[in-house]
Amino acid sequence: MRSLSFSLFVRILIGLALVGGLRLFAPGGWGGWTAVCVVAVLWAGLNALVLGRSVRSSAAVLAAAAAAVPERRVRVGAQPLSDLDEVGSAISEAADRVGRVLAEASESRRELEAMIDSMQDAVVAVDATGRIQWTNQHMQRLMPGASIGNAVRLGHALVQTIRDPEVLACMRAAMEERVVREGRSTSIVPGKIFEVSASPMPGGGAVAVLHDITRIEEVEQAHRDFVANVSHELRTPLTSIGGYVETLLDHEASLSAQAREFLTTILKNANRMGRLTEDLLVMARVESSQELHLVPVRADVLVRDAVKAMNGLVQDEGAVLEVGEMTDSEVSADTDAALQVLSNLIENAIKYGQPRGEKHARVMVSARNVSEPVGVVEFSVQDFGQGIGSEHLGRIFERFYRVDKARSRESGGTGLGLAIARHIVQSQGGTIRAESELNEGSKFVFTLPRVNSSVS
């Protein structure tokens, strides 16, 4: 711009000098002034033409340079821009900076694509309209048609490529509700089981990650089958041992006191092992995700049936079993499974809920509608005994975990009752928790989905 201003200044000086010289030598009067004006106008027009051509030439170079910025091939400094050299330099510097930024972004994209392609999980992303934006190589190989290069087509609707309802439901929830949704798919590839996790993307759309858990499921199923088979095989010899020992104790009068004591210990342990094998079979059956028969059942009916089933144990232990708050709302539950949960909780409360210094427990069973979470009935089994330490509450539902191991074995517990209860409740769409304070008793609470909204 400085060269343009200097050139214009020089031309103005030359024009003034030319006009001044003509005025000195031109004749006086109007004729002389007319000649001077004509020469000045011609000189101004000539300069305007020259300057306009120069500016247009420089502007054309700058326009071409600006248009070439996205392609990163700008070299404005090499062009004849004497009139607009500062603007040209600024465009060159901006082009260099843009080029560096684009190069870094391109490199980052290549690194991200390489990282995603190296994942062992299948990844697919869709835009806000549900069309596929990108996938990794594992997803391409996973889908049918990968051998002919026709597995996943970018720009096509996801439903045209993946027809698994669970995957589509997770993606739909992630896009519409803007939440992370997890699921389980078994129909994408025959014989394969995938854990699906769909997450919303900031600009709309969603991304899904499919993790192959087939091998894990096979190992877990083999473990469950092994436990079930071993437990089943142990039942017969344990029943035989218990039967023979009971026969000896009842009909063999010549037994010494020491022999009778030994046989009593054998019978006690055989019975305990029998209960353990029964609980292991129940645990294996629950963990195998066998289909539950969910039906509407009234909450108060469940509680009263469970209390009635525990009458024998209540009389044997001398406990007090009370029915507290009740609701006639219906819950969606497998009746036998729900009764087993209540029975396990009541049995534990009777066995371990005695107040300090007393021999008998007091237990209260309740069922009520709650406002949070919405649409559930809350069942509770409460004792008024010694309570459970806070350090045990986080692990009390683990298999074979005991708060007082010696006392649990003495009472014949297997350590599986609460674990079975947790699996049954969760498989029916509910939750379970324990609340307790030392010397204040314990309260076990679980929820089941409510069918109706009546409140009693």
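Modeller: Two strands are said to pair if DSSP finds at least two bridges between them. In this predicted model, Val 365 stands opposite Val 381 in β10.

Colleague: What makes β9 and β10 a pair of strands?

Modeller: Eight bridges join strand β9 (residues 362-370) to strand β10 (residues 376-383).

Colleague: To which sheet do they belong, and what is the order of its strands?

Modeller: They belong to an open sheet of five strands, ordered β7-β9-β10-β12-β11, in which the pairing is mixed.

Colleague: Why are β7 and β11 called edge strands?

Modeller: Each of them, β7 (320-323) and β11 (432-436), has a single partner strand, so one side of each has no neighbour in the sheet. From one strand to the next, the twist averages 20°.

Colleague: How do you know that Glu 378 and Arg 368 form a salt bridge?

Modeller: Their side chains meet with N and O 3.0 Å apart. The cut-off is a side-chain nitrogen of Lys or Arg within 4 Å of a carboxyl oxygen of Asp or Glu, so the pair qualifies. Glu 378 lies in strand β10 and Arg 368 in strand β9, ten residues apart, and the pair links distant parts of the chain.

Colleague: Are these two residues buried, exposed or partly exposed, and how do you know?

Modeller: Glu 378 has 7% relative accessibility, which is under 20%, so Glu 378 counts as buried. Arg 368 has 31%, a value between 20% and 50%, and is therefore partly exposed. Salt bridges with shared partners join Arg 368, Glu 378, Arg 433 and Glu 435 into one network.

Colleague: How many salt bridges does the structure hold?

Modeller: The structure holds 13. One of them joins Arg 184 to Glu 217, with the closest N and O atoms 3.2 Å apart. Arg 184 is in strand β3 (residues 181-185) and Glu 217 in helix α6 (residues 214-251), so this pair ties together parts that are 33 residues apart in sequence.

Colleague: Why is Glu 217 called buried, and what makes Arg 184 partly exposed?

Modeller: The relative accessible area of Glu 217 is 17%, under the limit of 20%, so Glu 217 is buried. Arg 184 reaches 41%, which lies between 20% and 50%, and therefore counts as partly exposed.

Colleague: Which residues touch the most other members of the largest nonpolar core?

Modeller: Among its 47 residues, these are Phe 379 and Phe 446. Helix α10 (residues 335-352) gives the most to this core, namely eight residues.

Colleague: Which residues does Phe 446 touch, leaving aside those up to four places away in sequence?

Modeller: The residues touched include Val 341, Leu 342 and Leu 345, as well as Glu 378 and Phe 379. Apart from this core lies another, of 22 residues, among them Met 139, Met 143, Cys 170 and Val 196.

Colleague: How much of the chain counts as buried?

Modeller: Of its 456 residues, 36% count as buried. The chain contains 13 helices and twelve strands.

Key. Residues are numbered from 1 along each chain as its sequence is written. This is a predicted model: local features need pLDDT of at least 70, side-chain atom pairs count only at pLDDT 80 or more; totals for chains, interfaces and linings use all residues. Side-chain values use heavy atoms; hydrogens and water are left out. A nonpolar core is a set of buried Ala, Val, Leu, Ile, Met, Phe, Trp, Tyr and Cys residues joined through side-chain atoms within 4.5 Å. Buried means under 20% relative accessible area, exposed over 50%, partly exposed in between (1.4 Å probe, protein chains only). Helices (H or I, at least four residues) and strands (E, at least two) are DSSP runs, numbered from the N terminus. Contact means heavy atoms within 4.5 Å. Axes are lines fitted to C-alpha atoms, for helices over the stretch in contact, and angles run from 0 to 180 degrees between N-to-C directions.
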